[in-house]
Amino acid sequence: MMNRINSLIVAVIVHIVCTLAKELTEIEALASKPTRCIYEYAYEMYGAQCSGLRLSKIPSLRGGIEILDFSDNKLQELHADTLSSYTSIKFLYLADNQIYLIEEDALPPLSSLQILDLSNNVILNLPNSIFQLPSLRSLYLRGNPLLHMRLSNLNIQKPIKAPLEILDISDCKIKELPNWGFLPQMVIYNISHNPLIKLDVKHFAEICNLGKVDLTESLYAMKLCSLKPAISWFHDKRIFYQLGDYTRLNSKEYEYCPRTNDTAIYNATYHRCKADYLEVQNIRRSRRTWLTIGGGLAGFLVGFILLLYIMHRHNVAHTKSRSEKLKKHTPTNDGDRNASTVLLNNVS
C-alpha cells in the first residue's frame with residue numbers, strides 16, 4: 001500500500017515539474033520574440049523584419065530598405081500613403097495578414113518592386129496597378145478565398161506591363177482562369193487547389209514561355225475528355241504539368257478521347273506571344289548594348305580629360321620650374337656695375 005502511495009506522489013511531482021517546465025519554456029519563448037522591427041542584411045540588401053508582431057499598420061521605418069517582411073500581422077488595408085515612403089523596396093512580404101482592400105494608388109510608387117507576396121489574406125479585388133509595376137517578377141496570391149468573386153470580371157490594362165515570371169493563384173476557389181492577356185515571360189504558373197471547370201488552351205497559348213504549371217487538386221470537377229486539348233498542348237510545347245494523381249490520364253477512357261483540330265488557331269496566338277517576347281528581349285538587348293557603349297565612351301572621355309589635366313599640370317609645373325631657375329641665374333644691377341669695374345681695372 002505504501003509503495004502505491006509513494007509511486008502516486010512521485011508521479012504527481014513529476015507531472016507538476018513537467019508542467020512548470022513547459023510553462024517556463026513557453027514564457028521564455030514569448031519573451032524571446034522580438035517586439036519591434038529588426039533591421040538586417042539579406043541577399044546583400046538592407047531589410048526590415050517585422051513579421052509576427054501582430055501590428056495593424058506599418059510603423060515608421062528607416063529609409064532605404066529594400067526588403068520588408070510584414071507577414072503574420074493584422075494589416076487590413078493598403079492606401080496611397082501606406083508604403084509611399086519606402087520606394088526602394090524590392091521584396092515585399094505581406095502574407096498571413098487580414099488584407100481585404102488594396103487601393104489603386106497604393107503600389108505604383110514601388111517601381112523597384114520585384115517580389116510581392118499577398119498569400120493567405122482576404123483580398124476581394126486586385127487593382128490594375130499591380131500588373132503595371134515595371135519590375136514585378138513574382139506575384140503570390142495563394143489562399144485568398146474571396147478573390148474568385150471578382151476575378152472573372154477582372155478589368156486590367158493589357159498587355160500587362162509587369163514582367164511576371166512566377167504567378168501563384170492557388171487555393172483561391174477559382175472556377176475559371178482569368179483573362180490575363182499575353183504573359184510572354186512567365187515560367188511558373190501555380191493554379192493548384194482550385195475547383196476549375198475548364199482549361200482553355202488559348203489561355204496557355206498566351207503564356208508562350210511557360211515551363212511548369214501546377215494543377216494539383218484542380219481538375220476533379222472537369223470531365224475527363226475535356227482535359228485532352230490542354231494536356232496535349234502541354235505535351236506538344238514540353239510544359240511540365242503537375243497533378244496530385246495521374247490515374248485518370250492513364251486510363252483507357254482518356255486514351256480514346258478525341259483530339260481537337262484547333263491547334264492552328266492556338267499556334268497563331270502562341271507565335272504572336274513569342275514575337276512580343278522577342279521584341280521585348282531585343283529592346284532590352286539594345287538598351288544594354290547602348291548602355292555598355294555609353295558607359296565605355298563616358299569612361300574614355302573621363303580618362304581623356306584626366307590625361308589632359310595631368311599634362312596641363314605637368315606643363316604648368318615645368319614652366320614654373322624654368323621660370324624660377326632663370327630668376328636665380330639672372331644677375332642684378334649691382335652685379336653688372338661690379339663686373340664693369342673689374343673689366344675696366346683689368347684694361348688699365
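Q: Counting Ala, Val, Leu, Ile, Met, Phe, Trp, Tyr, Cys and Pro as nonpolar, Asp, Glu, Lys and Arg as charged, and the others, Gly among them, as polar, how does the lining of the second largest pocket divide by class?
A: Five charged, three nonpolar and two polar residues. The model is predicted, with pLDDT of at least 70 needed for local features and 80 or more for side-chain atom pairs, while totals for chains, interfaces and linings use all residues. Numbering runs from 1 along each chain as its sequence is written, and side-chain values use heavy atoms, without hydrogens and water.

Q: Which residues are those?
A: E176, L177, P178 and N179 are on the list, then K198, L199, D200, K202, H203 and E206. On a 1 Å grid over the protein atoms alone, a pocket is an open set of points with protein on both sides within 12 Å along at least five of seven lines; a cavity takes a 1.4 Å probe that cannot get out; lining means an atom within 4 Å of a point.

Q: And what lines the largest cavity?
A: V201, P229, S232, W233, D236, R259, T260, D262, T263 and Y266. By class, four are nonpolar, three polar and three charged.

Q: Which element gives the largest share of that lining?
A: α4, with four residues. α4 and α6 are the elements that give two or more; helices are DSSP runs (H or I, at least four residues), numbered from the N terminus.

Q: Back to α4: which of its residues are buried?
A: K228, A230, I231, S232, W233 and F234, buried being under 20% relative accessible area (1.4 Å probe, protein chains only). S232 and W233 also line the largest cavity.

Q: What happens just after α4?
A: R238 has a positive phi there, about 55°.

Key:
Ala, Val, Leu, Ile, Met, Phe, Trp, Tyr, Cys and Pro count as nonpolar, Asp, Glu, Lys and Arg as charged, and the others, Gly among them, as polar. Buried means under 20% relative accessible area, exposed over 50%, partly exposed in between (1.4 Å probe, protein chains only).
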